[in-house]
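My entries follow the display.

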Amino acid sequence: MNRILKTTALAAGLMCGVFATQAQAQTITIKVHHFLNANSVQHTTMLKTWCDNIAKDSANRLQCQIFPSMQLGGTPAQLYDQARDGVADVVWTLPGYTSGRFPRMEVFELPFMMTNAEATSRAAWDYYEKNAKDEFKDTKILAVHVHGPGNIFTSKKQIKTVEDIKGLKLRAPTRLTTKLLTSLGATPVGMPVPAVPDALSKGVIDGAVIPYQVAPSIKIDELTKFTAETDRTQPALYTALFVVPMNKAKYDSLPPELQKVIDKNSGRELSAFLGKTQSDDDIPGKQKIVAAKNTVTVIPPAELEKWIQASSNVDDEWVAEVTKKGLDGKALLADARALIKKYTK
């Protein structure tokens, strides 16, 4: 009898172990949400590569389901809060879509700050770690990065000088880009990328500031005739900052070994990869613009100096604004510039 009981207990213990192992190895799905379409490099390469890496490093225990084009509902400006609230587990978005909410990280969107996207993305991660973690304390930030140099696309008027910008209604992605355009004499109109084609086709705006990478996906090659790009030996006209936040509760619910997988695939190197990949996609983007017979004008350094002088007040205003919030605006700006210089080759 005792032998039967022992055998039964052993069998039960083995079964419990099997069930525990199965439960431990159960696949966990990470819902990833963004506002661009499924053909964008952000979907097919940037986010997919991250998803492939966490699947590989977790022996497929972590799997992604990527939702493009706001398929989980809401607007691009709501994406950060969707990560915070658990509507999605991970999102890709711009902090600048919620104007003034993340003032410290805005520094990278000041005019003529960026050298190249890879270096500036590395700098942005270090700056975030040092100066801005508490701005995002309600999520787990996996990466911060920027895009390639921004350009001005216009439908009717070619831009060669700063005087040519005056009076034009131009789409702006963020608060500081709005200030930049105002300083150059334009009338900025704030809107996210998906709204640009409709606004251009209806004449609501005369043009838009965006990188080459995004342009073909929103039919800029069809809706505009002129492009003004800054001399690439000079700092970029502007860039926008992106973040990849993860829902904290989702991260905390993962077993320690899977948290390590997320940690391994986060940080400076992921930030640099995302920035470089997005910027590299400027090349085929520009090729499509040129193929569409869009006239590309390069603003030379001598003329660009006038743009830099005209927009210098934007830096001063940002320093004053963050200083009023109890921060050391001058020190933050100096730190961002020093970090960009550190990583720029």
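I first located Phe112, which sits in the loop between β3 (90-91) and α4 (117-132). Helices (H or I, at least four residues) and strands (E, at least two) are DSSP runs, numbered from the N terminus. The model is predicted, so I note that local features need pLDDT of at least 70 and side-chain atom pairs pLDDT 80 or more, while totals for chains, interfaces and linings use all residues. Residues are numbered from 1 along each chain as its sequence is written, and side-chain values use heavy atoms, with hydrogens and water left out.

Is Phe112 buried or exposed? I find a relative accessible area of 11%, so Phe112 is buried (under 20%; exposed is over 50%, partly exposed in between; 1.4 Å probe, protein chains only). Beyond its neighbours within four places in sequence, Phe112 is in contact with Pro235, Ala236, Leu237, Leu304, Trp307, Ile308 and Ser311 (heavy atoms within 4.5 Å). Phe112 and Leu304 lie 192 residues apart in sequence, yet 10.0 Å apart C-alpha to C-alpha.

Next I checked strand β10 (residues 241-246). Six of its six residues are buried, so β10 is largely enclosed by the rest of the structure. One side carries Leu241, Val243 and Pro245, the other Phe242, Val244 and Met246. Strand β4 (residues 140-146) runs antiparallel to β10, joined by six bridges (pairing needs at least two DSSP bridges). Ala143 stands opposite Val244 in β10.

Last, I looked at where α10 meets α11. Gln278, Ser279 and Asp280 in α10 meet Asp282, Ile283 and Pro284 in α11.
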